[in-house]
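Biologist: I am new to this structure. Please show me how to read a few of its features.

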Amino acid sequence: MPKRLTLAVSQSHTLPTTSATLTALASTANEAARQGVDLLLFPEAYLGGYPRTCNFGAAVGSRSSEGREQFLQYFHSAVDLGDTPRGAGHDWVERKLDLAKGQDRRGDGTREVLEKAATETGVFLVVGLVERAGGSLYCAVVYVCPNEGCIGKRRKVMPTGSERLVWAQGSPSTLKAVTTTIKAVKLTLAAAICWENYMPLLRYSLYSQNVNLYLAPTADARDTWLPLMRTIACESRAYVLSANQCVRRKHLPPWIQSPASEKAESSTASKDTAKREHNSSGVKAEETQQYKICALDQGNMPKTPEPTPVDKAHGVISPSPLHIGGTPSDLDSRTDSPVKQRKGRRRSSNLMPMPDNHFLALPGDSAVDESAEKHDTKPENPANDSEEELVCRGGSCIIGPTGEVLEGPLWDVEDGGLLIARDIDFEDCERGRLDLDVAGSYSRNDAFELRVAGLDLNPPP
């Protein structure tokens, strides 16, 4: 019997209030149900919000009163699922924790709203959120079954960079995979949140549990994210879903807004970072005034793919050829190829062809016009430093079990864009194990062993 399902990710951004975000989540789930979706993933910190650009007034050795006020606002925006600071695990799932006198539930009711949305739509929901427990915040993911309600929850064990200031570390025991059956298809699913996916041993702890659906909610919109997702799919022989938010500056909560001076410093730092990334190919920093990588067209630049078109008639995102790759010859043959539209640009013998339709302008070359020099590794944004500026471009994607890109990456779609992969055959995961099972036949478990505190690495029953 074919084991086929329809999977989707939602590129939704957090709204000003938890109530509004939950309403939007329910609306997106309803649309997914109309599209026949069986399982839907939301981005990291969708509920509670990802505090992008906020430094919470912190520097090494000092914290400001303004930063403490920002943290207070962020703390209040997080959701309360009624769990304990250590994480009650199975007791939380089974609602075995004590209730306060006169109360019929724990938490602020968010859990119940999520369970209602899943039940009413029949869609299995996986939601990234920021959870408050005791006096700390945790970045978490909750698994919500239409029939059983919340069947699991895990907390991010390693927040990244400045996240560590505001998010506590979750317990590795929450890395336990969960199982469910949808349309007679048995799923073993688990989530790794954002840069947890750069932790090889954490990934292996999920592979060891024989997951066939690997979930990666994220806040990373770098062009290095898609290759990582493809690698994970190839390693795990599982389907990989990754959801990110697409956010404009105007979407950030008012308490995040930075002083003008901090914005200027942030802009300078971003440009310096872009230069460093731009020079990672081996060009020395002191040579950047002489050597310039000139893109022929912004739409073909690796970091600046054109916005993904939306099929409004069906409410389904359709990937364009540029989003799923293509050889240089493919691009040259396109009628809108920049190679065929170089009006007004002189081709110089000092321009050395480079991969991805770029050229290397050698020192002393004067043939590259000013418009070419304006191209950078970041998207051209006429509304830069305004409320319309994109502070995160998305990049959600769906990957097959041998690393093939099925859908996405989805760029610049900010209003709940759904990326849908239909007719997903989960027997492909088993077919892929013919030549690679990194936690079994390809593991050499007689020589190598992984142990995780509080976590059984055996596949769940």
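**Helix H7**

Modeller: Take helix H7, residues 225-236: at 1.5 Å a residue, its 12 residues should span 16 Å, and the end C-alpha atoms lie 17 Å apart, which agrees. The expected span is 1.5 Å times one less than the number of residues. Helices (H or I, at least four residues) and strands (E, at least two) are DSSP runs, numbered from the N terminus. This is a predicted model, in which local features need pLDDT of at least 70, side-chain atom pairs count only at pLDDT 80 or more, and totals for chains, interfaces and linings use all residues. Residues are numbered from 1 along each chain as its sequence is written, and side-chain values use heavy atoms, with hydrogens and water left out.

Biologist: Which residues of H7 are buried?

Modeller: Buried means under 20% relative accessible area, exposed over 50%, partly exposed in between (1.4 Å probe, protein chains only). In H7 the buried residues are Trp-225, Leu-228, Met-229, Ile-232, Ala-233 and Ser-236. Down the axis of H7 they fall within an arc of 135 degrees, so they line one face of the helix; the arc is taken from the directions from the helix axis to the C-beta atoms.

Biologist: How many disulfides are there?

Modeller: A disulfide is a covalent bond between the sulfur atoms of two cysteines. With the rule of a pair of cysteine sulfur atoms within 2.5 Å, the count is zero. Cys-54 is buried at 11% relative accessibility, while Cys-234 is partly exposed at 31%.
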